[in-house]
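Here's a quick look at ring packing in one protein. Have the sequence and the model open while you read.

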Amino acid sequence: MNLSSASSTEEKAVTTVLWGCELSQERRTWTFRPQLEGKQSCRLLLNTICLGEKAKEEMHRVEILPPANQEDKKTQPVTIASLQASVLPMVSTVGVQLSPPVTFQLRAGSGPVFLSGQERYEKKAGKRTRGNKSQR
């Protein structure tokens with residue numbers, strides 16, 4: 001049985017856009033919302049969280065806040081990074097995918113803390129038939 005000759009498959013068109021934000025004393029929260037409209041699926045692929053050059057020697061804690069419309073009020077914020085310039089100035093967050101809207105908060109410290117990643121948009125491209133090529 002040849003599994004590579006499936007009669008039809010669904011393919012997705014993928015678009016990625018670079019994303020980043022800065023959390024600081026002046027702006028302690030940031031909410032990620034998709035930039036591109038009309039797309040079926042959006043994910044934020046978080047890559048790096050790092051301290052800025054002017055960050056003080058203090059603990060900087062970054063959290064993800066639960067959605068505001070959440071019925072369960074017992075849900076607590078989730079800490080995703082605790083950074084200190086002399087100990088751990090940067091973390092790499094491989095494989096972290098978040099669904100918008102996502103709100104980041106600088107819970108402790110004065111920053112600046114930079115978050116970076118990619119917005120990933122997937123749109124179904126329709127059906128494509130494989131194995132039914134006409135011969136000339």
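What follows covers confidence, then the aromatic pairs, then one glutamate.

This is a predicted model, so local features need pLDDT of at least 70 and side-chain atom pairs count only at pLDDT 80 or more, while totals for chains, interfaces and linings use all residues. Residues are numbered from 1 along each chain as its sequence is written, and side-chain values use heavy atoms, with hydrogens and water left out.

Confidence comes as pLDDT, the predictor's score for each residue from 0 to 100. The protein averages 84, and 76% of the residues score at least 70. Residues 1-9 are another story: pLDDT stays under 50 there, and the model has 10 contacts for them beyond four places in sequence (a contact means heavy atoms within 4.5 Å). Where pLDDT is low, the predicted coordinates should not be read in detail.

Now the rings. A pair of aromatic rings is described by the distance of the centres and the angle of the planes. Rings of Phe, Tyr and Trp (its six-membered ring) pair if their centres lie within 6.5 Å; planes under 30 degrees apart are stacked, over 60 edge-to-face, and the rest tilted. That rule gives two aromatic pairs.

| Pair | Centre distance | Plane angle | Type |
|---|---|---|---|
| Trp-19 and Phe-32 | 5.9 Å | 80 degrees | edge-to-face |
| Trp-19 and Phe-104 | 5.8 Å | 35 degrees | tilted |

Strands here are DSSP runs of E, at least two residues, numbered from the N terminus. Trp-19 sits in strand S1 (residues 8-23) and Phe-32 in strand S2 (residues 29-32), so their pair ties together parts 13 residues apart in sequence. The other pair links distant parts of the chain, with Trp-19 in strand S1 and Phe-104 in strand S7 (residues 102-108), 85 residues apart. Trp-19, Phe-32 and Phe-104 form one aromatic cluster.

Trp-19 is buried at 8%, Phe-32 is buried at 1%, and Phe-104 is buried at 0%.

Last, the glutamate. Glu-119 lies in strand S8 (residues 113-129) and is buried, at 0% relative accessibility. Leaving out residues up to four places away in sequence, Glu-119 touches several residues, including Trp-19 and Phe-32 from the cluster, plus Thr-15, Gln-35 and Arg-43. Its side chain also makes a polar contact with the side chain of Tyr-121, at 2.3 Å (a pair of N or O atoms within 3.5 Å; within protein, one must be able to donate a hydrogen and the other to accept it, and residues adjacent in sequence count only if both atoms are side-chain atoms).

Definitions and conventions. Helices (H or I, at least four residues) and strands (E, at least two) are DSSP runs, numbered from the N terminus. Buried means under 20% relative accessible area, exposed over 50%, partly exposed in between (1.4 Å probe, protein chains only).
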